[in-house]
Amino acid sequence: MPEDCIFCRIVAGEISCSKVYQNDQILAFLDINPVSQGHCLVMPKQHFNRFDQCPAELAAELARHMGKIARAVVSAVEAEGYNILNNNGRCSGQLVEHLHFHIIPRRTGDGVFDRWPAGEYPAGFMEKLALKIKNLIKSS
Ligand code: AMP
Ligand code: ZN
């Protein structure tokens, strides 16, 4: 376990958290600085920095439990919906380098996020980019 990882220290019981679910592989707890009430984090107990480093079986285990955790959180705070958010890399907003998913309860007009700045591709670029990605996936 990386010595300086705060989430590994939570898993090890060295730092307390407000746990909402755990099994032998995953842990879910309330975010200490919530974007909205009920904001929680779901993560593997084992340390991985980014989602693409997490073995598929463990990602599946996270997915298996994410829905019921989200449903319970939304129900507990009587929200209307939720975002599931996963930051990968500092550039994306990742502050804690231990893979985790945010579940953020949402209500109409809560102002938490608005639409992101959606752009456009120059003519012909989209098809070329899709092909490049497709080939990289095939060769990985
Ligand atoms: P991210 O920016 O995606 O890396 O999110 C990290 C999240 O971890 C932030 O929303 C923090 O509020 C949350 N966080 C940091 N330390 C703790 C802690 N000790 N207990 C609960 N949540 C934490
Ligand atoms: Zn860690």
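A polar contact here is a pair of N or O atoms within 3.5 Å; within protein, one atom must be able to donate a hydrogen and the other to accept it, and residues adjacent in sequence count only if both atoms are side-chain atoms. Keep that in mind for the ligand.

Housekeeping next. This is a predicted model, where local features need pLDDT of at least 70, side-chain atom pairs count only at pLDDT 80 or more, and totals for chains, interfaces and linings use all residues. Residues are numbered from 1 along each chain as its sequence is written, chains are lettered from A and ligands numbered from 1 in the order written, and side-chain values use heavy atoms, with hydrogens and water left out.

The fold, briefly. The protein chain has three helices and five strands. Those are DSSP runs, numbered from the N terminus: helices are H or I with at least four residues, strands are E with at least two. Along the sequence the pattern reads α-β-β-β-α-β-β-α. The C-alpha atoms fill a box of roughly 50 × 40 × 25 Å along the principal axes.

Now ligand 1. Which side chains make polar contacts with oxygen atoms of ligand 1? Aspartate 31 does, at 2.5 Å. Histidine 102 does, at 2.8 Å. Asparagine 87 does too, at 2.9 Å. The protein covers 85% of the 510 Å² of accessible area that ligand 1 has on its own. That area is Shrake-Rupley with a 1.4 Å probe.

The shell holds 16 residues, and Asp31, Gly93, Leu95, Val96 and His102 come nearest. Near means a heavy atom within 4 Å. By class, the shell has nine nonpolar, six polar and one charged residues. Nonpolar covers Ala, Val, Leu, Ile, Met, Phe, Trp, Tyr, Cys and Pro; charged covers Asp, Glu, Lys and Arg; the others, Gly among them, are polar. Helix 1 (6-11) and strand 2 (26-30) each supply at least two shell residues. Helix 1 gives the most, with three.

Where does ligand 1 sit? Its space is the largest pocket. A pocket is an open set of points on a 1 Å grid over the protein atoms alone, where a 1.4 Å probe fits, with protein on both sides within 12 Å along at least five of seven lines; lining residues have an atom within 4 Å of a point. A molecule sits in one if more than half of its atoms lie within 2 Å of its grid points.

That largest pocket has a volume of about 430 Å³. It is lined by 22 residues, with Phe7, Asp31, Ile32, Asn33 and Leu41 nearest its centre. Helix 1 contributes the largest share of that lining, three residues. The classes are twelve nonpolar, nine polar and one charged.

Last, the second largest pocket: about 270 Å³. Its lining is Asn83, Ile84, Leu85, Arg106, Phe113, Asp114, Arg115 and Trp116. Strand 4 (residues 81-85) gives the most, three residues. Four lining residues are nonpolar, one is polar and three are charged.

Key
Grid points are joined across faces, edges and corners, and a volume is the space filled by probe spheres set on the points.
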